[in-house]
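Subject: Structure handover

Hello,

Please find the structure below. My notes on it follow.

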Amino acid sequence: MIGMRPATRKPVTIHDEVEAKRCALGRVVLIDDDLDILASLKALVDLSGYMSECHPSAAHFLQALASGEPVYPGPCCVVSDVRMPDIDGLELLGQLQEMEELPLILMSGGSGIREAIGAFKLGVVDFLIKPFEMDAFLAAVSKGLSISARQQEQRLVQTELQGRVNALTPREREVAVLVAQGRLNREIAEQLAISERMVKMHRQSAMEKLGVHSTAELARMVERAGLTKSA
């Protein structure tokens, strides 16, 4: 499925190590049915130290994406021409919005200001008009990779948080939510029909598992994890 993230690839050979280092800086997916432009952009991306990935059409890229081929870790952005057969750049943008970390930069040689504005409203990172300056292209790529890096970091943080939450027992989760709501140990004990001593034990255990040291931190963690909504 397009919405599935590809598996992580691990380097084996020296060549793999070089590719992995490039991907750590950023993987730039280039899509254009003009193969000369594609070759020129690839050379520029490679010269800048990033990892380039070229496709002659959006359909070709989506097919490769759906195959689930493992990739090296690192930020990633897509640079695509707007006007292509089958799937154009705006259609691609709509499909990529289902992905978590694939910011899109569009480029075109015949687009007007209205098309560019429409693309920005739909969430495109940048819109380059051909012929564009090398610096403008690299600035757009840098912006797209920065967005991707932030998205990946946020996902890692959320994954770590979810792992901590999953370690809680049902009772620890109940106590954590009530503590976060400002309830006193005595009130929690009455509501859950347990002793205050047990409340304190569950409270301490929950705080240790969540990695927090104060009630305020616990309340923020509970809110971020969405526990109050599921309580």
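Contact here means heavy atoms within 4.5 Å. Helices (H or I, at least four residues) and strands (E, at least two) are DSSP runs, numbered from the N terminus. This is a predicted model, in which local features need pLDDT of at least 70 and side-chain atom pairs count only at pLDDT 80 or more, while totals for chains, interfaces and linings use all residues. Residues are numbered from 1 along each chain as its sequence is written, and side-chain values use heavy atoms, with hydrogens and water left out.

Helix H9

H9 runs over residues 196-210; its 15 residues should span 21 Å at 1.5 Å a residue, and the end C-alpha atoms are 21 Å apart, which agrees. (The expected span is 1.5 Å times one less than the number of residues.) Val199, His202, Ala206, Met207 and Leu210 are its buried residues, where buried means under 20% relative accessible area, exposed over 50% and partly exposed in between, with a 1.4 Å probe and protein chains only. They cover an arc of only 130 degrees around the axis, which puts them on the same side of H9; the arc is that of the directions from the helix axis to the C-beta atoms. Arg197 and Glu208, on the other side of H9, are exposed. The cover over the buried residues includes helices H6 (134-166), H7 (170-180), H8 (185-192) and H10 (215-225). Just after H9, Gly211 has a positive phi of about 70 degrees.

Helix H4

In H4 (residues 89-96), the buried residues are Gly89, Leu92, Leu93 and Leu96. Seen down the axis, they fall within an arc of 105 degrees, so they line one face of the helix. Among the elements covering them are strands E1 (27-31), E3 (76-81) and E4 (104-108), and helices H3 (58-66) and H5 (113-122). At the start of H4, a side-chain oxygen of Asp88 comes within 3.2 Å of the backbone nitrogen of Leu90.

Arg27

Arg27 is in strand E1 and, at 13% relative accessibility, counts as buried. Its side chain makes a polar contact of 2.7 Å with that of Glu53. (A polar contact is a pair of N or O atoms within 3.5 Å; within protein, one must be able to donate a hydrogen and the other to accept it, and residues adjacent in sequence count only if both atoms are side-chain atoms.) Beyond its neighbours within four places in sequence, Arg27 also has contacts that include Met51, Val71, Pro75 and Leu145.

Regards
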